[in-house]
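Okay, thanks for coming, everyone.

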Amino acid sequence: MASRRAADELISSGSVRVNGKRPPASGLEIDPDNDRVTVEGRPVKPPSKHRYVMLNKPLGVITTSRDESARTTVLDVIGQEGLLGHRLFPVGRLDADSTGLLLLTDDGDVAYRLTHPRYKVAKEYVVTVAGAPRSKELDALRAGVKLDDGLTAPAEVEMVRATAGARDSGRAELRIVIREGRHRQVRRMVEAVGHKVVALRRTSFGPLRLGRLKTGGWRVLSTGEVAALRRAAGLGVG
């Protein structure tokens with residue numbers, strides 16, 4: 001019916017009823033098989049089976065379920081065929097000017113754990129930067145750099161290739177793996193050591209790898225991938 005935040009608002013507004021009664025402000029644990037939950041009179045039932053979709057997000061597409069400015073969202077890209085009647089939502093974010101692997105699901109438990117820093121799920125990015133970072137700048141990224149919201153955790157950083165040129169005209173490609181999920185974190189880390197991000201693409205998320213999935217393409221995860229994803233999130237196969 002709604003995201004966690006929107007669900008909180010629905011409950012606070014009195015739109016939600018459990019067995020015909022408004023739940024207390026302190027919260028109420030329910031049994032989905034026996035309790036009747038309604039939103040504005042409409043019954044709500046959890047999906048009998050969750051859906052997991054991997055998308056190779058194109059440039060310019062917004063990572064949100066809806067956009068007030070009518071810009072193209074990731075749900076527009078996968079369409080009704082991708083949704084297949086499920087209320088999917090993106091797990092984490094990729095900026096409009098970033099591309100690559102994005103997971104969409106209706107499994108709230110998996111989504112929460114994959115994005116919570118406590119579980120330290122790795123995310124790999126291939127980043128093209130202006131100028132070739134020096135060894136001490138790469139070491140700073142590996143050790144952690146100070147941002148306006150605190151010191152970042154150590155990251156895996158590898159120089160993949162670099163082209164010659166002046167500091168701003170040359171280009172370098174870096175492989176960066178982080179286990180946090182701060183807003184625009186990789187971009188801010190690179191900028192903190194003095195380089196501008198030219199392009200950023202996420203190539204893996206936990207056990208999932210983008211592989212040969214074409215830009216704008218999507219596919220449903222295999223049973224094995226879902227099991228590996230749940231293990232990465234610290235959950236049983238279920």
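Let me start with a question: which residues of H5 are buried? They are Gln-185, Val-186, Arg-187, Arg-188, Met-189 and Val-190. Buried here means under 20% relative accessible area, exposed means over 50%, and partly exposed is in between, with a 1.4 Å probe and protein chains only. Helices (H or I, at least four residues) and strands (E, at least two) are DSSP runs, numbered from the N terminus.

A quick word on the source. This is a predicted model, so to speak of local features we need pLDDT of at least 70, and side-chain atom pairs count only at pLDDT 80 or more, while totals for chains, interfaces and linings use all residues. Residues are numbered from 1 along each chain as its sequence is written, and side-chain values use heavy atoms, with hydrogens and water left out.

Back to H5. Six of its eight residues are buried, so the helix is mostly covered. The cover over those buried residues includes S7, H4, strand S8 (146–147), S11 and S12. Just after H5 there's Gly-194, with a positive phi of about 95°.

Now, zooming out. The protein chain has six helices and 14 strands, and its C-alpha trace spans about 70 × 40 × 35 Å along the principal axes. Of its 238 residues, 42% are buried. Take contacts, meaning heavy atoms within 4.5 Å: among those with a separation of 6 or more, 63% join residues 24 or more positions apart.

On to the inside. In soluble globular proteins, nonpolar side chains tend to be buried together. By nonpolar core I mean a set of buried Ala, Val, Leu, Ile, Met, Phe, Trp, Tyr and Cys residues joined through side-chain atoms within 4.5 Å. The largest one here has 30 residues, and Ile-78, Tyr-125, Val-127, Ile-176, Ile-178, Val-186 and Met-189 have the most contacts inside it. Elements giving two or more residues to this core include helix H2 (74–83), strand S7 (123–130), helix H4 (135–143), strand S11 (171–178) and helix H5 (185–192). There's also a second, separate core of 18 residues, which includes Met-54, Ala-111, Phe-205 and Leu-235.

Have a look at Ile-176. Setting aside neighbours within four places in sequence, Ile-176 touches Lys-123, Glu-124, Tyr-125, Val-127, Glu-156, Val-157, Val-186 and Val-190.

Last topic: charges. I'm calling something a salt bridge when a side-chain nitrogen of Lys or Arg is within 4 Å of a carboxyl oxygen of Asp or Glu. The whole structure has 19 of them.

One joins Arg-182 to Asp-149, with the closest N and O atoms 3.0 Å apart. That pair links distant parts of the chain: Arg-182 sits in the loop between S11 and H5, and Asp-149 in the loop between S8 and strand S9 (150–151), 33 residues apart. Asp-149 is partly exposed, at 40% relative accessible area.

Another pairs Arg-71 with Asp-67, at 2.8 Å between the closest N and O atoms. Is Asp-67 buried or exposed? Buried, with a relative accessible area of 18%, whereas Arg-71 is partly exposed at 46%.

Then Glu-225 bridges to Arg-219, closest N and O atoms 2.7 Å apart, and Arg-219 is partly exposed at 28%. Finally, there's a network of salt bridges linking Glu-124, Glu-156, Glu-158, Arg-175, Arg-179 and Arg-209.

That's it from me.
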